[in-house]
Amino acid sequence: MDSSSLRIYRVIGAVQNVIANAKTLDEALQEGLKTIVENAGADGGAIWYADTSDENRLRPFFWIGPVDLTRRSHLPGDGSVGRVYESQTAERLLEFDALKDVETAIDFTGLPVSSMVCVPFSNANANLGVIQFVNGPDSEPFDDEGADVMEIMAMMAAMAIEENEALAEPWQPGEVIMQLRDITREFKNGDIVTKVLKGVNLDVYEGEFLVLLGESGCGKSTLLNIVGGMDSATSGEFSYLNQDLSNATQAELTEFRRDNVGFIFQSYNLMPNLTALQNLKLIAELVDDPMDADEALELVGLADRKRNYPSQMSGGQQQRVSIARALVKNPKVILADEPTAALDYATSIEVLQVMEEVVKGGTTMVMVTHNEEITRMADRVVRMRDGRMHEVTINRHPAHAVDLVW
Ligand SMILES: Nc1ncnc2c1ncn2[C@@H]1O[C@H](COP(=O)(O)OP(=O)(O)O)[C@@H](O)[C@H]1O
Ligand SMILES: [Mg+2]
């Protein structure tokens, strides 16, 4: 056996393994794609499912790549993905063709497309969707062997689908409330320039629970600070609703932040010499249309603690006060940076339950964490790597905070 077929068998083994261990079809497809991209060497990829409630329009629910595909879709027959769905025949667009296929080339705008492999997947009852791979290792086009690997892998993932298992409808995005385009952030220290964000393209949707995950130092807090108007990007565009804040002045950013955004940090940052209620009232006075401070404390389950000072409360209670303090502004968006990092498991769950309620009430939540388990609660999970978006998952079945275990 030559070394390339050995490699193929190794990857096949790895894919079989993750598929066998997956608990749901979604997980099988997701883990399969991840394994293929990592081991067989593609730049990125996406899983598109046919939305039966909308003419089998193909929508992505998981992808690897630095772009936000959340609102992208193809009708059957439209572009490579749509064609492959319609014909139920795998398609390869090697180097030359892919560039000519405008429809597909714009799928991965953050990732210049040099080649692509699309494979359909189905169960006994229906054609379910398409798995798409983009570019071979180092962004080079796939060669025929690479394309073979992608096709075999995708067929294996597709075969793992149980006869009667269907894809559930995933969460659907609401209106875009925040838009980030090609956001970069550099820090200069003397002659040394550190590039922390290297081109982030992300939309935030109204009412969603978005979790940003990634290793320490990958730029999560930097990104959250830009979204919250606490910091400005070095380049790129940032807008909130219809307001372009890309070149906003400090005063404009302060106003944006004050009127629209609530913050929750790992450290609670409460004023030590004020009671819980006074901490809230201090903030309520700054905004036009605050929520009643007593009501906010009630929402986080601390009505009976309103006269307590921070030092008289546990860490979890203080964090709930800080959630109430964010809520009292009646913000459209709450940004939370590692809100449970300083809390033990039981207390974290209490705090996350409150956050779940807040989202249910209509507030958009963007939460940074490095706790993988918390991603199960999210509508969408964005994994960052080295200053870019690396992977996005749209959850079909978000879990409740009480069901999380770590
Ligand atoms: N003000 C700053 N000056 C210089 N470097 C910074 C500054 N803020 C953040 N960084 C650097 O940017 C990188 C990403 O930081 P951060 O966004 O806090 O990461 P994360 O929240 O993902 O752990 C780190 O290497 C950090 O040292
Ligand atoms: Mg951080």
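This is a predicted model: local features need pLDDT of at least 70, side-chain atom pairs count only at pLDDT 80 or more; totals for chains, interfaces and linings use all residues.
Modeller: Residues are numbered from 1 along each chain as its sequence is written, and chains are lettered from A and ligands numbered from 1 in the order in which they are written.

Biologist: What radius of gyration does the protein have, and what would a compact globule have?

Modeller: The radius is taken over C-alpha atoms, and the globule rule is 2.2 Å times the number of residues to the power 0.38. For 406 residues the rule gives a value near 22 Å, and the protein has 23 Å, which agrees.

Biologist: Which domains does the assignment give?

Modeller: Such bounds come from an automatic or database domain assignment, and here they give domain 1 (3-159) and domain 2 (176-403). Their centres, taken over C-alpha atoms, are separated by 33 Å. Two residues are in contact if their C-beta atoms, placed from the backbone, lie within 7 Å, and by that rule 11 residues of domain 1 are in contact with 12 residues of domain 2. On the domain 1 side, helix 2 (25-41) and strand 2 (57-64) each give two or more residues, with strand 2 giving the most, 4 residues.

Biologist: Which residues of helix 12 are buried?

Modeller: Helices (H or I, at least four residues) and strands (E, at least two) are DSSP runs, numbered from the N terminus. An α-helix has 3.6 residues a turn, so residues three or four places apart point the same way. In helix 12 the buried residues include Ser348, Leu352, Met355 and Val359, and the buried residues of this helix pack against strand 8 (209-213), helix 11 (315-327), strand 12 (333-337) and strand 13 (364-369). Gly362, which follows helix 12, has a positive phi, near 110°.

Biologist: Which residues surround ligand 1?

Modeller: A residue is near a molecule if its C-beta atom, placed from the backbone, lies within 6 Å of it. Among those surrounding ligand 1 are Phe187, Thr194, Gly219 and Lys220, and helix 7 supplies the largest share of this shell, 3 residues.

Methods: A residue is buried if 20 or more other C-beta atoms lie within 10 Å of its own, exposed if 12 or fewer, and partly exposed in between; C-beta atoms are placed from the backbone.
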